Amino acid sequence: MEKELKVGISDYKIGEAPQSLFTIGLGSCVGIAIYDPTTRVGGLSHIMLPDSSVFNGEKKIEKFADLAIPHMVSELAKRTPKRRLVAKIAGGSSMFKNSLNTPQANIGLRNVAAVETILKQQGIPILANHTGGSMGRSMFFDLHTLQVKVRMGNREIFDL
């Protein structure tokens, strides 16, 4: 069993203790750690966009909050009771100066709102978050200790 699992952009991975999951490059993207604290089974998703419905044709499930989160939760529910799942999220920065500067134009804010809505629909409480701002993040999730750490700018580390 691989100890560290890297989650790429528009990707998610499922693991269990003693594995750890990590993702880098969370700008406007959002990282979603979902896990069962009892069995220490969990997943980490790195979504890029909030809603797949505005795109035609074949869609990569892992790219969109509305597709990736329910899909990952479904996979987790095969290995652990869904009712015990909890989440921590990070990312959703405003990475680009925008002349409109509205919530509709800010993809980071839209991603965070979509993730929060979908987790609520799934019945999964968000225990902690580190979202917004204007700096990118990396997210590290240790399934053994259940610690989620967020690093910003290669210097500041926050525990969620």
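Colleague: Why is Leu21 called buried?

Modeller: Buried means under 20% relative accessible area, exposed over 50% and partly exposed in between, with a 1.4 Å probe and protein chains only. Leu21 has a relative accessible area of 1%, so it is buried. Bear in mind that this is a predicted model: local features need pLDDT of at least 70, side-chain atom pairs count only at pLDDT 80 or more, and totals for chains, interfaces and linings use all residues. Residues are numbered from 1 along each chain as its sequence is written, and side-chain values use heavy atoms, with hydrogens and water left out.

Colleague: What does Leu21 touch?

Modeller: Contact means heavy atoms within 4.5 Å. Not counting residues up to four places away in sequence, Leu21 touches Leu5, Lys13, Gly42, Gly43, Leu44, Met139, Phe140, Phe141 and Leu143. Leu21 lies in strand E3, and 5 of the 7 residues of E3 (20–26) are buried.

Colleague: How do you know which strands E3 pairs with?

Modeller: Two strands pair if DSSP finds at least two bridges between them. E1 and E3 are joined by 3 bridges and run parallel, with Glu4 opposite Ser20. E3 and strand E8 (137–142) have 5 bridges in the antiparallel sense, and there Phe22 stands opposite Phe140. The strands themselves are DSSP runs of E, at least two residues long, while helices are runs of H or I of at least four, all numbered from the N terminus.

Colleague: What makes the sheet open and mixed, and where are its edges?

Modeller: The order of its 5 strands is E1-E3-E8-E9-E10, and the pairing is mixed. The edges are E1 (4–6) and E10 (156–159), each of which pairs on one side only. At the E10 end, strand E9 (148–152) pairs with E10 in the antiparallel sense over 4 bridges, and Met152 sits opposite Glu156.

Colleague: Why is Gln19 called buried, given its place in a loop?

Modeller: The loop in question runs between strand E2 (11–16) and E3. The relative accessible area of Gln19 is 8%, so Gln19 counts as buried. Its side chain also reaches the backbone oxygen of Glu2 at 2.6 Å. Beyond four places in sequence, the contacts of Gln19 include Met1, Leu5, Phe141 and His144.

Colleague: How do you know that helix H2 has the span expected of it?

Modeller: The expected span is 1.5 Å times one less than the number of residues. H2 (107–121) has 15 residues and reaches 21 Å from first C-alpha to last, close to the 21 Å expected.

Colleague: What makes you say that the buried residues of H2 line one face?

Modeller: In H2, Gly108, Asn111, Val112, Ala114, Val115, Ile118 and Leu119 are buried. Seen down the helix axis, they fall within an arc of 165°, so they line one face; the arc is that of the directions from the axis to the C-beta atoms. On the other side, Lys120 and Gln121 are exposed. The cover over the buried residues includes helix H1 (65–77) and strand E6 (86–91).

Colleague: What happens at the two ends of H2?

Modeller: At the start, a side-chain oxygen of Asn106 comes to within 3.0 Å of the backbone nitrogen of Gly108. Just after H2, Gly123 takes a positive phi of about 75°.

How values were computed: Polar contact = N/O pair within 3.5 Å; in protein donor to acceptor, adjacent residues only side chain to side chain.
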